[in-house]
Amino acid sequence: SPVNGFHLYWGEIHSQSGLCDGTNSPAELYEYARTAAGLDFASVSSHDFELTARDWDEIKEATRKANRPGEFVTFLGYE
């Protein structure tokens, strides 16, 4: 419920998958964020200098598929 008219949301915008120096796939990171961690939003943010075109396509697809408007929001990005 809102506090002073504001809602509190929890998220992670700096997750790195096995496509750079993290672990697991982008899809698995989003699934973990939503189900195990109970977050409201997330982003997989690989390093730009490590991204290949194939990796970027995988991240874009996982981000699109994991997004659930009003339930779990994903953000497309990189660092």
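Which residue in strand 2 is the bridge partner of Gly11? The partner is Phe41. The model is predicted, with local features needing pLDDT of at least 70 and side-chain atom pairs pLDDT 80 or more, while totals for chains, interfaces and linings use all residues. Residues are numbered from 1 along each chain as its sequence is written, and side-chain values use heavy atoms, without hydrogens and water.

Strand 1 (residues 11-15) pairs with strand 2 (residues 41-44) in the parallel sense, over three bridges. Pairing requires at least two bridges found by DSSP. Helices (H or I, at least four residues) and strands (E, at least two) are DSSP runs, numbered from the N terminus.

Two aromatic pairs are found in the whole structure. Rings of Phe, Tyr and Trp (its six-membered ring) pair with centres within 6.5 Å; planes under 30 degrees apart are stacked, over 60 edge-to-face, the rest tilted. Phe41 and Phe75 are edge-to-face, at 6.1 Å centre to centre and 80° between the planes. This pair links distant parts of the chain, with Phe41 in strand 2 and Phe75 in strand 3 (residues 73-76), 34 residues apart. Phe41 is partly exposed at 23% relative accessible area. Phe75 is also partly exposed, at 43%. Buried means under 20%, exposed over 50%, and partly exposed in between (1.4 Å probe, protein chains only).

Trp56 and Tyr78 form an edge-to-face pair, 5.6 Å centre to centre with 85° between the planes. Trp56 lies in helix 2 (residues 53-66) and Tyr78 in the segment after strand 3, 22 residues apart. Trp56 is partly exposed at 23%; Tyr78 is exposed at 52%.
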